[in-house]
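Hello,

Here is the structure I promised to pass on to you. Have a look at it first, and then read on for what turned up.

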Amino acid sequence: QVRLVESGGGLVQPGGSLRLSCAAEGPIFSISTMGWYRQALGKQRELVATITKGGNTNYADSVKGRFTISRDNAKNMVTLQMNSLKPEDTAVYYCNAHLRRWLSDYDADYWGQGTQVTVSS
C-alpha cells in the first residue's frame with residue numbers, strides 16, 4: 001500500500017526555521033509532481049510549493065524567498081525548508097505526491113497525514 005510519511009513540524013518563534021520531510025513508500029512505479037499544501041484553522045487547503053521530477057518548482061507568492069522545496073528522486077522524498085517563519089504560516093502542512101503505482105494504468109494523488117506547524121512567540 002502506498003503511503004506518504006511526513007516528519008518535522010512543531011512550534012517555532014517568528015523569524016525561526018523548520019524543515020519538513022516526506023517519504024513516499026510502497027509499490028511506486030513513478031512519481032511526477034511532489035509538493036506541500038497547508039490548511040490553517042477555518043480556511044481552505046492551499047498550495048505552498050511543488051516540484052516536478054525534473055526539478056521545476058512552483059511557490060505560493062506568500063512563501064517565495066522564504067521557503068525552499070527540494071526532492072530526492074532516488075529516495076522518493078521531498079523536503080520543505082522554511083525560513084523567516086511568520087505567525088500566518090501557522091497551519092497543518094500536508095505532503096502530496098502525484099504518482100503511479102506498479103501495475104496501474106493511471107496516476108493518482110496521495111496525501112500525507114499532515115503535520116502541525118505553529119509560529120508563535
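Let me start with a turn: S4 and S5 form a hairpin with 6 residues between them, and Gly 42, which sits in that turn, has a positive phi of about 80°. Before you go further, please keep in mind that this is a predicted model.

Is Asn 56 buried or exposed? Its relative accessible area is 56%, so Asn 56 counts as exposed. Setting aside neighbours within four places in sequence, Asn 56 is in contact with Thr 50 and Ile 51. Leu 103 is 47 residues from Asn 56 along the chain, and the C-alpha atoms of these two are separated by 27 Å.

**Aromatic pairs**

How many aromatic pairs does the structure hold? There are 2. One of them is made by Phe 29 and Trp 102: the ring centres are 4.9 Å apart and the planes are at 75°, so this is an edge-to-face pair. Phe 29 belongs to strand S4 (residues 28-39), whereas Trp 102 is in the loop between strand S9 (91-101) and strand S10 (108-111), so the pair ties together parts that lie 73 residues apart in sequence. Phe 29 itself counts as partly exposed, at 49% relative accessibility.

Tyr 37 and Trp 111 also form a pair, with ring centres 5.1 Å apart and planes at 65°, so this one is edge-to-face as well. The pair links distant parts of the chain, as Tyr 37 is in strand S4 and Trp 111 is in strand S10, 74 residues apart. With a relative accessible area of 36%, Trp 111 is partly exposed.

**An arginine over two rings**

Trp 111 comes up again with Arg 45, which lies over the face of Trp 111 at 4.7 Å from the ring centre. The charged end of Arg 45 also sits over the ring of Tyr 94, 3.8 Å from its centre. I would bring up the side chains of Arg 45, Tyr 94 and Trp 111 in one view.

**The disulfide**

The structure holds 1 disulfide. It is formed by Cys 22 and Cys 95, whose sulfur atoms are 2.1 Å apart. The link of Cys 22 and Cys 95 is left-handed, with -80° about the S-S bond. Both cysteines, Cys 22 and Cys 95, are buried.

**The open sheet**

S3 is also one of 4 strands that form an open sheet in the order S1-S3-S8-S7, with antiparallel pairing. Strand S1 (3-7) and strand S7 (67-72) are at the edges with a single partner strand each, so one side of each has no neighbour in the sheet. From one strand to the next, the twist averages 15°.

Within this sheet, S7 and strand S8 (residues 77-82) pair in the antiparallel sense over 6 bridges. Thr 68 has Gln 81 in S8 as its bridge partner.

Asn 76 sits in the loop between S7 and S8. Its phi is near 55°, a positive value in a residue other than glycine. Asn 76 has a relative accessible area of 23%, so it is partly exposed.

Ser 84 is placed in the loop between S8 and S9, and its phi, near 50°, is again positive in a residue other than glycine. At a relative accessible area of 40%, Ser 84 is partly exposed.

Best wishes

Notes
Residues are numbered from 1 along each chain as its sequence is written. This is a predicted model: local features need pLDDT of at least 70, side-chain atom pairs count only at pLDDT 80 or more; totals for chains, interfaces and linings use all residues. Side-chain values use heavy atoms; hydrogens and water are left out. Rings of Phe, Tyr and Trp (its six-membered ring) pair if their centres lie within 6.5 Å; planes under 30 degrees apart count as stacked, over 60 as edge-to-face and the rest as tilted. Helices (H or I, at least four residues) and strands (E, at least two) are DSSP runs, numbered from the N terminus. Buried means under 20% relative accessible area, exposed over 50%, partly exposed in between (1.4 Å probe, protein chains only). A charge sits over a ring if NZ of Lys or CZ of Arg is within 6 Å of the ring centre and within 35 degrees of the ring normal. Contact means heavy atoms within 4.5 Å. Two strands pair if DSSP finds at least two bridges between them. A disulfide is a pair of cysteine sulfur atoms within 2.5 Å. Axes are lines fitted to C-alpha atoms, for helices over the stretch in contact, and angles run from 0 to 180 degrees between N-to-C directions.
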